[in-house]
Amino acid sequence: FKTKQELPPDKWNDLGHMILACRAQFYKVPLSLFDGSVQAHRPLTLEEINKALRFCWDDSHECLIENRYQLAVLTGIDRDTWTECREVLIKNAANRISLETIEEAAFVLNLDPSEPEEVGDRIKESAIGKNAGTRWYDIGMQWIVYANGHVGYAMEHSQLDALPVVRVHEEMYKLLENVDTRKYDSSYSFKFKEDMISKLEWDIPEFVQNKIEKSFSTYRKVYESWTVDCKRLNGLGTQILKSNGFSPDSFMQICFQLAYYRLHNHLPSVYETVVTTLFRDGRTEAGRSVTQESSDFVSRFDSESTSIGEKLNILRNACLSHTQRISEARNAKGIDRHIFALHQCARENGIAGIPRILDTSDNELYRRASRWDLSTSHVTSPKCSAIDHAIAFHPVGVDSIGIVYSMYPYYVDFTVMTDANSKKTEGKAFMKAVQNAFFDLVFLILRQSNL
């Protein structure tokens, strides 16, 4: 990034461009225009944005793209195939310019003619659209606007994590709450012309066309394998937990472990996203939520020989040990990122004889410890809840379960994603088990507090 002093005046306040995607076609749309009267860029007005959207939408009707030319499907399958095809594409000047235009864009805005209503459908369509050629997944931020007014979002996880994305949406909601669409400055509107929008051009060789056609069946299998289930637990939430001295996050994690144990008769391996923003360039650490205390709790809770007092005591111990574990991970005392970083350093510097603990390809213990039964993420925001805003976390394996949960004073939301090909996990059964575990533990706390 360059400072204002390093840029020529005509680039000051230049917001760059976005990519507008309509019906498998992609357009470069500027986000600001140069105003000669003040020698600086200004953002587009609402009228200009509306004009740009309508132009691209109407233009995309005129030429339907055959499947073999829908290049975007390659960004939604395995990275190796996309990398191979990208290397072939950039040998052509037109393709190279189009790819650079997308990769330099601030974001992709996708206008989708479908109308998903249910939360699960909106999650699925946003994460992996039914029409494979209409999404561009090789970019950090992509908003999907549906014909019925709902908005979805897809994120390239290697670049971004949930926390900054939630913050972006919080700021967007604040802006939208203060926008009066009846009042806007239209004095500049005549300056925006349709020739400022450019449709991206492609020259797709036969090798890539064949890859695209094969990729559609792969993409379809992935789309059909996802199942999404959602639940809101009404009436009880963080208010009752905090008033009785329990960490809401720890409590919910113990609920997940108890639910899984009841279904499978063994403890799950649990990944919880832990942010490490205390550190410069910090992103996340793997919070390993299962502790000796939580193991003791889930194995004894349903036993008739465990008294109510003992159940409450071991629940409290389990929550406290979880809180400590997550605090350690937040303060860079986890293990996963350290091992990964050391392993990468050793490989990149050609260090022979990588210690076995760092050789992830040869260490059975580490491989087993890295197979997650539950992948969880706690996303609570005044503006963004798991259900109201359709947030989900994809499972990391066929038998894994992806969970996003949001906790509020008088209700808890959670979404569950599973793979339909799994013979072990089933989303609705797990969701019901979590609901039962949640109310069992809340009523235990209420019963004890009333004694």
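In this predicted model, strand 13 and strand 14 pair in the antiparallel sense over 7 bridges. One of the paired positions is Ser406, whose bridge partner in strand 14 is Asp413. Strand 13 covers residues 401-408, and strand 14 covers residues 411-419.

On strand 13 there is also a pairing with strand 12, this one parallel, with 5 bridges. Here Ser377 stands opposite Val404 of strand 13. Strand 12 in turn runs parallel to strand 10 (residues 270-275), and 3 bridges join the two. Within that pair, Val270 faces Leu374 of strand 12. Strand 12 is made up of residues 374-378 and is mostly covered, with 4 of its 5 residues buried. Strands of a sheet pair through backbone hydrogen bonds, in either a parallel or an antiparallel sense.

These pairings belong to an open sheet of 6 strands in the order 9-14-13-12-10-11, with mixed pairing. Its edges are strand 9 (226-234) and strand 11 (284-288), each of which pairs on one side only. From one strand to the next the twist averages 25°.

Helices pack on this sheet. Helix 4 (residues 119-127) touches strand 9 and strand 14, and its direction makes about 135° with that of strand 9. Helix 10 touches strand 10 and strand 11, and its direction makes about 50° with that of strand 10.

The largest nonpolar core has 41 residues, of which Phe251, Met252, Phe297, Leu315, Phe430, Phe438 and Leu441 touch the most other members. Elements that each supply at least two residues of this core include strand 13 and strand 14 from the sheet, and helix 7 (238-243), helix 8 (248-264), helix 9 (292-300) and helix 10 (308-330). Helix 13 (427-449) is also on that list, and the largest share of the core, 11 residues, comes from helix 13. A second, separate core of 36 residues includes Cys85, Tyr146, Tyr223 and Trp226.

Phe430 shows what such a position looks like in detail. Leaving aside neighbours within four places in sequence, Phe430 is in contact with Phe256, Ala259, Tyr260, Leu263, Leu374, Ile401, Ile403 and Val416.

His169 lies elsewhere, in helix 5 (residues 162-177). Is His169 buried or exposed? It counts as buried, because its relative accessibility is 14% and the cut-off for buried is under 20%. Apart from neighbours within four places in sequence, His169 is in contact with Trp143, Tyr153 and Cys384. Cys384 is buried too, with a relative accessible area of 4%.

That leaves the cysteines. How many disulfides does the structure hold? The count is 0. A disulfide is a covalent bond between the sulfur atoms of two cysteines. For Cys255, the closest cysteine sulfur is that of Cys319, at 8.1 Å, so the pair is too far apart for a bond; the cut-off used for a disulfide is within 2.5 Å. Cys255 is itself buried, with a relative accessible area of 0%.

Key
Residues are numbered from 1 along each chain as its sequence is written. This is a predicted model: local features need pLDDT of at least 70, side-chain atom pairs count only at pLDDT 80 or more; totals for chains, interfaces and linings use all residues. Side-chain values use heavy atoms; hydrogens and water are left out. Buried means under 20% relative accessible area, exposed over 50%, partly exposed in between (1.4 Å probe, protein chains only). Two strands pair if DSSP finds at least two bridges between them. A nonpolar core is a set of buried Ala, Val, Leu, Ile, Met, Phe, Trp, Tyr and Cys residues joined through side-chain atoms within 4.5 Å. Contact means heavy atoms within 4.5 Å. Axes are lines fitted to C-alpha atoms, for helices over the stretch in contact, and angles run from 0 to 180 degrees between N-to-C directions.
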